[in-house]
Amino acid sequence: MRLVYLGTPEMAVPPLEAVVGAGHEVVLVVTGADKRRGRGRATSPSPVKAAARSLGLPVTDRTDDVLGVRADLGVVVAFGRIIRPHVLQHLPMVNLHFSLLPRWRGAAPVERAVLAGDDRTGVCVMDVEETLDTGGVHARAEIPLDDRITAAELRAELVRLGSELLVDTLAAGVGDPVPQAADGATYAEKLTPDDLRLRWERPAVELHRIVRVGGAWTTFRGERFKVAAADRLDPGTDALPADVPPPGGLTGTLVGCGDGGALRLVAVQPQGRPVMDAAAWANGARPGPDDRFGP
């Protein structure tokens, strides 16, 4: 099958490699423009552009270049840009989406599934329409979602699962889609820094979800303080010590939460420093009885 592939970040690289490995002819790759990174003036390509170059594929950052090629289908994976109607009219497209539609349409389905405490998730191959993630579904694959997996680990598993599903769907000839259910739709809005702030009056299970998403932060002694990894200790369990501090208070690496549970810090990042072992940080910071996280 002659394909146009549209994708940008690292998670869109394995599906590209999978369709090429399956023998499909990718006649054009469309990706995000080169970006300036760091303090210098040099720019760097998107992960998909770098992969396309290594595979010897033609690549562009202009979506309208799709109009100049002959292809059977467009494949979209985490492209990050709206595909305009005249392009969709020229070439039908399918999208590999990382949720069980209609749940978590939008930009951050993996992170939102973790934050919501979903017990299952998956991937869908769906038609691309002008409206956001509303197209009919050609194929889906589902996996259980436990309450310990991080968003990074889940994303890697869904990329693997989705790459296989995409290749299988293309091999079957795509076929007719099944319309999405009219109810049950939720929207996965892009995360903001406020979504990732640890408010210690909340239950331990909710705070642990934020840490699992990545980028969780609080404040300590007036400076921003990131929590890179932590274990959850639920109230009423044998693992919970008797002397749990109050919400935001800390004893060594143990931080109290609003439901009487706690998080035990594993890896942290004080402001201006690299990620470090939480026990080593606590030994150096020597938090006292008046120290606490948060405002």
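**Loops, helices and cores**

Me: Which residues does E129 touch, not counting residues up to four places away in sequence?
Reply: Touching here is contact, meaning heavy atoms within 4.5 Å. Sequence neighbours up to four places away are set aside. That leaves L88, T134, G135 and G136.

Me: What kind of model is this?
Reply: Residues are numbered from 1 along each chain as its sequence is written, and side-chain values use heavy atoms, with hydrogens and water left out. Local features need pLDDT of at least 70, side-chain atom pairs count only at pLDDT 80 or more, totals for chains, interfaces and linings use all residues, and the model is predicted.

Me: Is E129 buried, partly exposed or exposed?
Reply: E129 sits in the loop between strands β9 (120-127) and β10 (137-144). Helices (H or I, at least four residues) and strands (E, at least two) are DSSP runs, numbered from the N terminus. Buried means under 20% relative accessible area, exposed over 50%, and partly exposed in between (1.4 Å probe, protein chains only). E129 has 40% relative accessibility, so it is partly exposed.

Me: How far apart in space are E129 and A116?
Reply: In sequence, 13 residues separate E129 and A116. In space, C-alpha to C-alpha, the distance is 27 Å.

Me: How many of the 8 residues of helix α4 are buried?
Reply: Helix α4 covers residues 109-116. Its buried residues are P109, V110, E111, R112, A113, V114 and L115. Their cover includes β7, β8, β9, α5, β11 and α6 (204-213).

Me: Which residue follows α4?
Reply: Look just past the helix. The residue there has a positive phi, near 75°, and is G117.

Me: Which peptide bond is cis?
Reply: Most peptide bonds are trans. Look in the loop between β7 (93-97) and β8 (105-106), where P102 lies. An omega near 15° marks the cis bond from L101 to P102.

Me: What is the phi of W104?
Reply: W104 is also in the loop between β7 and β8. It counts as buried, because its relative accessibility is 10%. Its phi is positive, though it is not glycine, and lies near 60°.

Me: What is the phi of V174?
Reply: V174 lies in the loop between α5 and β11 (187-188). It is not a glycine, yet its phi is positive, at about 65°.

Me: On which side of α7 are the buried residues, and which residues are exposed on the other?
Reply: In helix α7 (residues 278-285), A278, W281, A282 and A285 are buried. They share one side, because they cover an arc of only 95° around the axis (taken from the directions from the axis to the C-beta atoms). Their cover includes β12 (217-220), β13 (223-233), β14 (250-251), β16 (262-270) and β17 (276-277). On the other side, the exposed residues are N283 and G284.

Me: Which residues have the most contacts inside the largest nonpolar core?
Reply: A nonpolar core is a set of buried Ala, Val, Leu, Ile, Met, Phe, Trp, Tyr and Cys residues joined through side-chain atoms within 4.5 Å. The largest has 67 residues, and α5 gives the most to it, with 8 residues. The most contacts inside this core belong to L16, F98, W281 and F293.

Me: How many residues are in the second core?
Reply: This core is separate. It includes A71, V76, V87 and M93, and its size is 14 residues.
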